[in-house]
Amino acid sequence: HEQGRYEEAMTNYLRARVLFKSLIERGVQGVDLSTLYLNLGSLFDGMGQFDVALLYLDSCLVIEERIYGKEHTLPAGTNGIIAEVRSHQGDEQGALDIYMATLATYQRLLSADHNMIGATHGNIAVILDNLGRRDHAIPHYDEALRIYKVSLAPDHPDVATVLANKAFTLGALGDGKAAMGLHREALRMRIATYGEMYDAVS
């Protein structure tokens, strides 16, 4: 469904759902409904059907928490996806609350420089920016950058993305000079990764 063939993907996923539930009812072991629900949630999110997406993602979360408990990276990751859908739905504050809880879980379970912690800081920064709390967003961008440069690489594309997002925030705060510097640095990284044609099409 990442290529936009949503209807075909939805038909296949729903058929798989019926089959999986039938197998579970017959006592077949190893049937992973949680992953199916996760994929269906992502599918409906991409189609703009956010309420349906959240129903499937909540079902995935229930299964994961029953199997692994709440203090596990799998349900934490699913919560992060739920936060993203809530943001798409326009519920930025709800998304922020979930991201903050997800960050706290990751910080308890993972090393301080794990890239999932960096990604969650980046997501929190974007939400805070959307909420107009731009001064509060900057420290989260900075922490995402620090972690990514350690866990990924100093010139990784995700570093460039965070730099560009931070640049837009600084520009909105009135610091055009700093924003321009970050934009140029992000562009340099992307050209280094994707080649000179990136500048022509970006």
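Start at G90, the residue that follows helix α4, and check its backbone: phi is positive, near 100 degrees. Helices here are DSSP runs of H or I with at least four residues, strands are runs of E with at least two, and both are numbered from the N terminus.

A word on what you're looking at: this is a predicted model, where local features need pLDDT of at least 70 and side-chain atom pairs count only at pLDDT 80 or more, while totals for chains, interfaces and linings use all residues. Residues are numbered from 1 along each chain as its sequence is written, and side-chain values use heavy atoms, with hydrogens and water left out.

Now select α4 itself, residues 73-89. Its 17 residues reach 24 Å from first C-alpha to last, close to the 24 Å expected at 1.5 Å a residue (the expected span is 1.5 Å times one less than the number of residues). Colour P75, A76, T78, G80, I82, A83, V85 and S87: these are buried, meaning under 20% relative accessible area with a 1.4 Å probe, protein chains only. What do the buried residues of α4 pack against? Show α2 (33-46), α3, α5 (92-109) and α6 (115-130), and you have the partners. Contact means heavy atoms within 4.5 Å.

Axes are lines fitted to C-alpha atoms over the stretch in contact, with angles from 0 to 180 degrees between N-to-C directions. For the contact, pick out F50, L54, L57 and L61 among the α3 residues, and L74, I81, I82 and V85 among those of α4. By class, the contact has 12 nonpolar, 4 polar and 5 charged residues (Ala, Val, Leu, Ile, Met, Phe, Trp, Tyr, Cys and Pro count as nonpolar, Asp, Glu, Lys and Arg as charged, the others, Gly among them, as polar).

Jump to A137 in helix α7, residues 134-151. A137 is buried, with a relative accessible area of 0%. Leaving aside residues up to four places away in sequence, A137 touches A125, L128 and D129. Draw a distance to T169 too: the C-alpha atoms are 8.0 Å apart, across 32 residues of chain.

Finally, zoom out: there are 10 helices and 0 strands, and 36% of the 202 residues count as buried.

Definitions and conventions: Buried means under 20% relative accessible area, exposed over 50%, partly exposed in between (1.4 Å probe, protein chains only).
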